[in-house]
Amino acid sequence: MERTLAVVLSLVASSGALSAQTADMILTNGVIHGHPSANSVAVADGTILLVGNSEEMDKVMDESTHLVDLQGGFVSPGFIDNHNHVFEAASDAGSQCELSLDEGLRGQVSYLKACRQQTPRGEWIMGYGFSIESLLADEEGSTPLQVIDAIFPEQPVIFMEQTSHSMWVNSAALRQAGITRQSPDPQGGKILKDEETGELLGILLDNAGDLVIELAWNSLRNQFEQSYQGLMQGLEQARTYGITTIGDGRLYWKRGWYEVWQKAEESGDLTARVSLRPWIYPTEPMPAQLTYLKSIHSDNHSQLLLVDQVKMYSDGILINGTAKVLAPYLFTYIPDEPYGINYIEPQAMSEWLQELDKIGYGAHIHAIGDGAIRESLNAVESVRAQGSKKDYTLTHVELVNSKDLPRFAKLDVTADFQVGSDYVAYHEHQWAEAFLGAKRTRALMNLKALFDSGANVTLSSDWNVHDINPLIGIGNSLIMGNTGLPNASAALDAYTINAAKSLGIDDITGSIEVGKSADFAVLSQDITTLPPEAIKSTEVWMTIVRGEVVFE
């Protein structure tokens with residue numbers, strides 16, 4: 001089967017058929033998801049005009065209609081990636097150097113020296129790729145700060161760990177950020193210090209690192225151009241994998257990111273519908289943020305760019321000890337916070353949701369620990385009690401207390417999971433036992449429990465934390481067995497119509513229905529009939545957004 005689909009100009013028209021509208025394009029000779037008796041879809045003006053068999057297409061065809069022979073391909077609704085850092089993931093901005101994910105302090109020295117040789121002097125250096133566990137496991141007495149200072153004594157340097165929840169910085173970076181051993185921890189962050197001496201270790205967790213990397217980012221030369229190019233590269237990756245709608249992982253609007261997205265829309269360079277989610281800054285006053293958010297709000301579904309949900313963090317991550325848990329950690333890097341931390345305190349989150357509701361925003365809330373999940377549900381419950389009908393999603397939802405399972409459906413809160421890595425598919429969470437113990441570790445990442453509760457469950461990539469390919473996530477959700485989704489149809493829904501519901505756009509996309517946007521992923525096989533590994537190896541033949549072929 002050739003990957004290049006046969007596209008021919010149809011000269012066939014039915015003399016007896018009169019139609020109020022003529023199809024611009026017809027996809028035919030395929031398997032149409034959700035329509036077992038159909039083999040064709042007609043598209044006009046970017047929307048679905050007709051779903052049926054080949055004979056039924058005659059009434060909407062004329063000599064101008066493009067007929068696309070799918071050669072047995074499977075037409076799925078376009079994939080909706082509900083949590084994707086498409087702006088950042090493919091960008092060279094902020095990634096001048098790459099360290100090792102596995103090496104400890106001593107092993108990182110060669111990477112640091114290589115970084116010094118390949119970067120200009122006098123500017124911020126930004127890189128990524130280390131493990132906090134490896135850096136803090138040094139047995140020889142050196143601290144991460146001492147090691148990085150020996151290579152970079154004067155130039156400010158910051159390296160981001162792969163999840164973006166911890167940063168490795170040198171003394172020059174700390175000075176520019178005004179951080180000393182006397183500095184208090186910012187809201188939602190921790191400045192790691194030696195427990196005995198109080199000396200800085202050069203490791204900043206969560207928002208403490210976010211504040212410093214924002215300084216570095218805003219110092220970039222050609223920041224706009226680098227960001228724009230990175231966005232274009234990210235969108236190219238997305239369309240290659242059949243993604244037609246993206247839920248933005250976060251929009252750091254104080255870094256000029258919104259203006260980059262605006263330019264892409266104005267220039268006609270968007271190849272996906274995108275729901276931008278402006279970041280709620282934990283340390284910035286609420287009134288100023290609300291004023292800005294009101295100024296950029298947009299819920300016009302005729303546009304590709306939507307801005308009607310925010311991104312906010314309730315907590316951090318388990319491996320840092322910053323995810324908020326109901327029972328204390330068995331081990332943590334921050335013993336003064338045995339239950340983890342909040343980016344936004346519970347009462348403040350309730351206030352935020354109420355104020356955001358007034359200006360037209362729902363929320364996509366990062367909540368990993370069972371404590372953060374309960375607190376976030378409480379906040380949604382409070383705003384629902386005030387009459388809010390906005391869309392709310394908790395993303396990651398790695399550890400959910402059984403008492404909170406039914407609350408998702410009751411409060412109409414979506415549960416968004418990322419399963420696009422093999423360690424999740426095969427439940428290889430041994431790393432968590434030191435932090436949580438065996439019982440809580442076994443409870444991690446239980447999609448089935450929330451699915452069975454009646455909650456709206458979505459799958460997303462969190463790219464580039466996990467694989468961007470939706471077919472990997474769909475296949476892995478089935479490999480998970482008794483903690484995964486029940487079948488391929490349910491998994492496909494989690495990457496299409498369920499995600500559309502989470503974004504509040506299920507009236508225009510997410511399923512193949514007349515009148516909806518013509519957003520399709522054309523696949524080499526009907527994935528609803530395949531075993532998981534075959535799903536993961538299925539090819540994307542074509543991606544169509546609003547009737548326009550953006551990948552073939």
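User: As I understand it, helices (H or I, at least four residues) and strands (E, at least two) are DSSP runs numbered from the N terminus. With that settled, where does Asn464 lie?

Analyst: Asn464 lies in the loop between β22 (457-460) and α18 (470-479). The model is predicted: local features need pLDDT of at least 70, side-chain atom pairs count only at pLDDT 80 or more, and totals for chains, interfaces and linings use all residues. Residues are numbered from 1 along each chain as its sequence is written, and side-chain values use heavy atoms, with hydrogens and water left out.

User: Is the peptide bond from Trp463 to Asn464 cis or trans?

Analyst: That bond, from Trp463 to Asn464, is cis, and its omega is near 15°. Most peptide bonds are trans, and most residues other than glycine have a negative phi. Asp412 has a positive phi, near 55°. Asp412 sits in the loop between α13 (405-410) and β21 (413-418).

User: Changing topic, how is the chain divided into domains?

Analyst: The division gives domain 1 (25-72), domain 2 (79-86 + 222-551) and domain 3 (103-219). These bounds come from an automatic or database domain assignment.

User: How far apart are domain 2 and domain 3, and how much area do they bury?

Analyst: Their C-alpha centres are 28 Å apart. Domain 2 and domain 3 bury about 2200 Å² between them, with 53% of it on carbon and sulfur atoms. Buried area is the accessible area (1.4 Å probe) that two parts lose on being put together, summed over both. Arg255, Tyr333 and Tyr343 supply 27% of the area that domain 2 buries against domain 3, more than any other three residues.

User: And how many residues are in contact?

Analyst: On the domain 2 side, 29 residues are in contact with 24 residues of domain 3, where contact means heavy atoms within 4.5 Å.

User: How many salt bridges cross that interface?

Analyst: The rule finds 3 across the interface of domain 2 and domain 3; a salt bridge is a side-chain nitrogen of Lys or Arg within 4 Å of a carboxyl oxygen of Asp or Glu. Arg255 also forms a salt bridge with Glu214, the closest N and O atoms being 2.9 Å apart.

User: What is the count for the whole structure?

Analyst: The count comes to 19 salt bridges. One of the pairs is Glu355 with Lys358, at 3.1 Å from N to O. Being 3 residues apart in helix α11 (residues 346-358), these two are separated by about one helical turn.

User: Last topic: which cysteines does a disulfide join?

Analyst: Cys97 is joined to Cys115, S to S 2.0 Å; the definition asks for a pair of cysteine sulfur atoms within 2.5 Å. Cys97 is in strand β9 (residues 97-98) and Cys115 in helix α3 (residues 105-118), 18 residues apart.

User: Why is the disulfide of Cys97 and Cys115 called right-handed?

Analyst: The torsion about its S-S bond is about 80°, so the disulfide is right-handed.
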